[in-house]
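Hi everyone, thanks for making the time.

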Amino acid sequence: MTMNPHIFSLIPAVALLCNLFLFMTLLTARKNQTIYSFMMMLGAFMMWTGGSLMLRLQMYPSPNFWWEVSVSGIILVPWLYYLMAGHYVGERGWVMKCVWGAATILMLIMNHNDMYMSRPVITVEAGRPNLSYITHPLAAVPILIAVLIFISVWRIMLRGLRKQGVPSVHFTPFLIGVLVMFIVIVLQSVAPVLNTLPLDTAACAINAICIYYAFCKKRIFALSQIASKGAAYFMTILVVCSVLVGANSAIRFLFDTILQDYVEYEMIIVAVLCTMLAILVFNVLNLLLSKVFVRDQIEREDRLRRFSTAVNRTLQLDQIIDTYVDLLHEAVHVEHAYVCLYHREDQCYWSEAGSAPIHRKMSLREDNPLILWLREHESSISYSEFRHSSYFKSMWETEKRALAELNIGLILPIRCDEQMVGITLLSEKNDRKPYSFDETMFLESAVSIVSIAMQNANLYETIQRDAQCDALTGLYNRRYFNNKMEVAFQQASGHSISVILFNLDNFRLYNELYGSGKGDEMLITFSRILESEIGSKGTIARYGGKEFAILLPFFDSTAAREIAERIGRRLQEDIRREEESTRHFLTFSAGICNYPTAAANPDQLLSYANLAVFSAKQHGKNRIMVYTRSADNEPQQMDKATIVEEYSSTIYALTAAIDAKDHYTFNHSNCVAQYAASLAEAYGLNGDHVEIIRQAGLLHDIGKIGIPDSILTKAGKLTDEEFAIMRQHVERSIEMIRHLPSLDYVIPAVLGHHERWDGKGYPRGIAGEAIPIGARCLCIVDSFDAMVSRRSYKHAMPVEDALNEIRRNLGRQFDPELGFLFISMVEEGKIKLLNY
Amino acid sequence: MGVSPLRFRDKLSKMEPEEIWKQYCSFLDLSMEQYMGIQFRLLEEQIQLFGRSGLGQRIFRGKIPASVDEFRQTVPLTTYDDYADVLLQKRVEMLPSEPMVWLETTWESGSRPVKVAPYCKEMLGVYQNNILAAMLLAASRQRGKFTLKPSARTLYCLAPLPYATGLFPLLIEPEYDMQFFPPLNDVARMSFSEQNKVGFKLAAQRGIDMFFGMSSIIYTITKNFNDFISGGGKFKLRNLIHFTPTMLYRLAMAKYRSARDGTPIRPADLFDLQALVCVGTDTELFKDELEKAWGCRPLEIHGGTEPTCIGTETWSRNGLVFFPDACFYEFIPEQEMLRGMDDSTYVPKTYLMNELTAGQNYELVITVFKGGAFVRYRVGDMYRCLRLRNERDGLDMPQFEYIDRIPSVIDIAGFTRITENAVRRVIEMSRLEVHDWFAFKEYDGENRSFMHLYVEMDEHAAATYPVTERILREHMGIYFRHYDHDYEDLKRLLGVDPMQITLLTTGTMARYADKYGRPIRKINPSTQDVVDLLYLQRAGDAGGGERK
């Protein structure tokens with residue numbers, strides 16, 4: 001065998017280093033059976049190449065030793081390849097592993113006993129060492145076994161391909177590695193000139209690199225592990241040692257000639273230089289490896305850090321979204337990135353523009369299968385992957401088209417407090433490549449950061465909103481409204497500003513009739529009407545309990561009045577949709593004032609609008625008044641006596657109407673009015689209150705005007721349906737009385753006159769002293785008069801019996817104290833019975 | 001779109017098998033709740049699509065149902081008669097979506113020869129996905145494990161377009177490298193019989209990896225395998241030059257073993273099949289024998305012209321599962337269906353997939369998704385619900401067994417559909433003086449189906465002319481072949497006589513009607529009714545078969 005000493009040493013050295021380097025990088029990887037078997041195979045490769053190198057260099061202990069190491073490495077390779085292939089495709093079973101293992105051990109023993117080849121003899125010719133050995137016929141045995149093992153490897157891979165479905169691309173690097181080895185062996189056997197080169201060791205290194213690459217592709221470990229510190233240290237040691245060995249003669253020459261005076265410091269100088277060299281090499285290598293293998297990773301980390309700082313610096317959602325979208329564009333080079341946030345009102349995820357003035361508005365319904373997938377899996381998904389999930393099966397074609405039009409490539413959920421508050425939709429990358437694993441990881445990290453930032457922004461927004469808004473309606477509160485008005489005045493610069501104040505009519509009564517819950521619902525409904533009518537044209541606020549204010553910059557009084565009228569119509573339409581017809585009476589009184597025509601500053605604007613509301617109330621409610629400086633708006637205070645006088649004719653007109661319809665009810669109302677007034681007086685109520693109760697007595701059955709005659713004058717017992725209609729007379733009474741402005745003080749008494757002390761009455765079912773005193777009086781005298789009077793369907797009950805009936809129901813139907821007082825007054829003749 | 005999606009073939013070589021399985025077969029991991037979620041959601045879409053079309057306006061009577069419940073309550077059950085005027089004239093403007101292809105099938109043999117069904121792009125997309133899923137399942141022996149080469153030589157013994165089975169190769173080919181025997185371009189020029197023969201010849205010469213076929217055809221090939229191999233006994237040496245070396249080797253080995261053991265050559269001796277996929281009636285009866293012969297258990301898939309491909313068996317081959325995205329499924333219990341047959345005014349109740357009972361037989365009612373033209377359509381197929389969930393296979397959805405067509409139709413080997421009208425018409429044409437009759441689907445010793453016609457001749461005719469069962473069979477056979485071309489194919493392709501005749505004593509059927517208070521059903525009466533009637537003929541009125 002002819003030797004080329006330099007190449008023979010250089011090639012195995014490079015191959016050895018290569019294998020050693022790969023081995024070192026694997027030390028830091030998370031191990032599994034496949035990696036262990038690969039490491040073992042690298043070990044065999046190192047024995048092969050290292051033994052070959054040491055043999056060429058005739059290193060200690062002896063060429064024979066290194067010869068045996070090298071050949072043992074070669075013998076071990078097929079079996080270890082078999083083990084690795086088995087682990088790679090997930091092949092089970094141990095029989096063949098043991099068979100080939102035993103065969104390998106046998107071959108090692110035979111090799112140790114020189115049964116294949118003689119030990120090499122090294123001779124030096126013309127200064128160049130020559131290696132020669134004699135091959136025995138038995139050398140065919142290990143070759144045959146190696147071929148058989150490789151056939152087994154081939155079968156394992158084929159089986160993995162066919163039966164276990166391992167993709168064929170996964171085998172390509174293996175095939176290339178084996179092919180290179182095969183070609184080298186064939187070339188060496190057919191072309192003796194090549195036999196002088198140590199191509200086998202080079203092929204061995206190439207094979208190792210191919211396997212390494214295959215493992216990286218299959219994500220058994222990451223390529224970035226090459227850039228580990230361990231690898232850098234290892235390389236540093238190799239470089240420094242090589243320099244030291246290579247420069248040995250030069251150093252010696254230097255100290256023998258030029259630096260003779262410093263020869264006693266030789267050790268120190270060399271050591272310091274070596275250390276400096278090691279530090280330098282390590283840093284350079286570390287930098288180089290990082291630049292080559294983990295550059296992207298470093299860049300991404302850096303970008304994330306900057307992004308985190310930027311989004312944590314602001315509490316404005318728009319700014320956060322802007323920064324986030326910028327990051328997405330910059331980091332993954334996408335054409336479009338959409339951030340969709342959840343809107344509870346319509347249960348959709350709507351795309352947010354951030355601060356961009358123009359953007360594509362799109363939404364995904366909460367029941368969209370994509371949303372369901374993201375909610376369940378809580379991780380990102382590429383659209384192509386989603387397309388193959390079972391969730392995609394329930395996608396509508398329109399939904400598919402919408403996402404296809406946006407060219408969506410990746411979707412990431414944004415989660416806060418276990419809720420999916422938003423999603424990020426990324427279009428396909430500009431280079432049309434799929435999102436890599438590293439990119440997805442990066443984006444998920446970015447989403448985590450943005451979700452925290454959004455959470456903070458939401459929290460801030462909530463607090464800010466709470467401070468500015470009314471909790472019930474969500475409208476702005478009085479303070480915010482006033483501030484806003486100040487700002488509007490500052491910016492007005494001569495433009496018109498109008499304010500509309502709405503005050504709901506009879507809202508206290510509405511609450512009493514239907515409860516405060518229903519009242520709150522009505523306030524919310526009214527708020528929604530205002531919002532839908534005003535939109536972004538003005539600022540709406542809940543100014544008081546039942547007061548709402550609208551600030552309308554650039555609006556004059558006429559336009560403001562049109563808006564108020566439209567709101568009034570909307571309110572009535574909305575109320576009409578409600579089932580209970582009695583809600584029809586909710587109206588509002590509105591006052592409008594305008595700057596600069598009627599007011600000169602914000603205080604005047606509000607104050608005059610208030611005056612206009614007051615004026616509307618005074619003029620009969622349910623109207624819109626525009627404040628002018630004329631006398632019309634001056635409030636007119638009326639006392640109760642004036643009111644009674646003003647409306648007495650109306651009261652009598654109404655009672656006359658009931659008389660015409662049902663004479664009994666007219667007389668009954670008169671009697672009840674008188675009895676109730678007497679009772680109230682005896683109970684110690686003041687004159688005004690007695691007068692209210694008397695008027696309430698007169699009007700308490702006024703609603704019977706609306707009851708059909710057939711029911712009102714029916715001779716027999718009322719059916720359930722008829723009784724239900726009859727019960728409506730209370731609410732009908734209210735419906736009529738409320739149109740008599742300033743007489744609403746009688747309403748509580750009228751409203752409650754069918755309530756019972758034990759709470760089983762109607763319409764509200766209130767009990768005890770929750771029932772207004774006037775109503776309690778009316779209840780007793782109304783029942784009494786009904787019992788003692790004769791009706792078409794019954795005879796008059798004797799007074800004694802009627803009083804006994806009242807007595808029996810004290811504490812159940814009637815107020816015990818008032819009832820007892822009434823009985824005693826009748827018995828003592830303090831109440832004179834009226835006959836009709 | 002950006003990155004063009006990988007073809008199925010490329011996925012096989014580039015992707016992990018688990019991933020491929022997940023892409024196509026993940027519907028088998030669905031819970032019943034998730035399954036119904038898909039059903040309801042796609043029905044919601046279909047209601048909107050269908051409601052906007054002219055056909056939809058007509059079937060929905062102008063009001064689009066707002067919910068699934070309303071849909072089931074207000075939309076009537078339909079049959080092909082409800083669509084015939086629109087579909088037979090191919091009035092595209094009346095449809096919910098633009099058809100890409102029109103498929104055709106037998107409606108009622110003879111008088112109403114064909115019915116057609118439109119397929120739009122979206123439906124074809126779902127169809128393609130589902131047929132690829134079925135192919136994966138056909139190549140699997142356990143969940144998630146399958147053996148499928150990136151390309152496959154396929155023997156194709158299914159009817160070409162415009163029949164529904166003709167869609168399979170068209171949908172598979174763009175995704176998967178399949179070498180069909182015979183090549184698809186040639187199929188159009190061949191009769192079905194010729195297609196099968198040429199296909200098998202090529203398969204024997206070059207080997208196959210897959211076999212798609214009608215159960216009855218596969219069974220016939222299996223039964224006559226040795227004849228097929230030897231080319232009907234005319235063995236010629238020069239034929240061997242067309243064989244690949246592998247097939248020559250296999251053939252030689254198979255012949256050697258056959259001669260040595262004195263057993264016939266089995267298909268498994270020649271072919272190493274990855275998948276055997278069969279469609280059609282009576283598959284269940286042939287499965288064991290086919291498995292023994294071919295070395296792999298056939299996988300049954302189900303569908304039709306109107307409903308698309310709706311069901312497939314899984315790796316364990318013990319029951320069909322229905323694809324959740326093909327149709328909305330409703331089921332009429334057998335008793336309800338029979339009640340409806342007896343009383344045409346009765347509207348049978350339907351049940352959903354999550355409301356079924358194991359062991360019960362059901363008639364299938366479908367609403368085709370993705371712009372299909374059929375809603376609440378009675379397909380005319382009967383299924384038995386085998387189980388509501390399969391714990392062994394980890395399936396949380398019902399599995400079914402295809403039983404047959406509904407009793408008013410006799411389906412023989414999936415080739416022909418004989419109805420009462422068809423038999424009556426044939427009897428009229430034959431001018432035989434048949435007094436009364438009924439027909440019943442039966443099976444011979446080899447599990448092949450045939451129509452058993454029970455006939456009562458006119459008393460006068462019986463006395464005047466020679467009337468034997470053979471004469472009647474041959475006479476009526478001629479008219480059946482004339483009236484129904486599919487019927488003719490049966491004899492030619494399968495080599496079976498699809499009809500047997502039994503002469504009943506005149507008056508037997510009248511006596512049956514007297515005794516049981518109702519006439520016997522003309523097509524497919526219950527087995528008990530037939531037994532009772534035959535008993536009545538043999539034993540007169542004395543005893544036997546007494547029941548209410």
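Let's begin with chain B: of its 548 residues, 44% count as buried. Please keep in mind that this is a predicted model. Chain B holds 22 helices and 21 strands. Among its contacts with a separation of 6 or more, 65% are between residues 24 or more positions apart.

How confident is the predictor? For the model, the scores are ipTM 0.75 and pTM 0.62. Chain B has an average pLDDT of 85, and 93% of its residues score at least 70. Over residues 541-548 of chain B, though, the pLDDT is below 50, and that stretch has 6 contacts beyond near neighbours in sequence. Chain A averages 82, with 89% of the residues at 70 or above. Within chain A, confidence is lowest in strand β2, residues 128-132, at a mean of 65, and highest in strand β10, residues 539-542, at 94. Residues 634-638 of chain A stay under 50. Where pLDDT is low, the predicted coordinates should not be read in detail.

Now, a piece of chain B to look at together. Strand β5, residues 151-157 of chain B, pairs with strand β6, residues 177-181 of chain B, in the parallel sense over 5 bridges. To get from β5(B) to β6(B), the chain passes through helix α8, residues 167-172 of chain B, and this β-α-β crossover is right-handed.

Which residues have the most contacts inside the largest nonpolar core? They are B:Leu136, B:Leu276, B:Val277, B:Ile366 and B:Ala439, in a core of 156 residues. Helix α7, residues 121-138 of chain B, gives this core its largest share, 11 residues. Take B:Leu276: beyond its neighbours within four places in sequence, its contacts include B:Phe211, B:Trp294 and B:Cys296. There is also a second, separate core of 94 residues, with A:Ala616, A:Leu679, A:Trp757 and A:Val788 among them.

Last stop, helix α28 of chain A, residues 773-788. At 1.5 Å a residue, its 16 residues should span 22 Å, and the end C-alpha atoms are 23 Å apart, which agrees.

Terms used: Residues are numbered from 1 along each chain as its sequence is written. Chains are lettered from A and ligands numbered from 1 in the order in which they are written. This is a predicted model: local features need pLDDT of at least 70, side-chain atom pairs count only at pLDDT 80 or more; totals for chains, interfaces and linings use all residues. pLDDT is the predictor's confidence in each residue, from 0 to 100. Two residues are in contact if their C-beta atoms, placed from the backbone, lie within 7 Å. Helices (H or I, at least four residues) and strands (E, at least two) are DSSP runs, numbered from the N terminus. Two strands pair if DSSP finds at least two bridges between them. A crossover is right-handed if, with the strands pointing away from the viewer, the path from the first strand over the helix to the second runs clockwise. The expected span of a helix is 1.5 Å times one less than its number of residues. A nonpolar core is a set of buried Ala, Val, Leu, Ile, Met, Phe, Trp, Tyr and Cys residues joined through C-beta atoms within 7 Å. A residue is buried if 20 or more other C-beta atoms lie within 10 Å of its own, exposed if 12 or fewer, and partly exposed in between; C-beta atoms are placed from the backbone.
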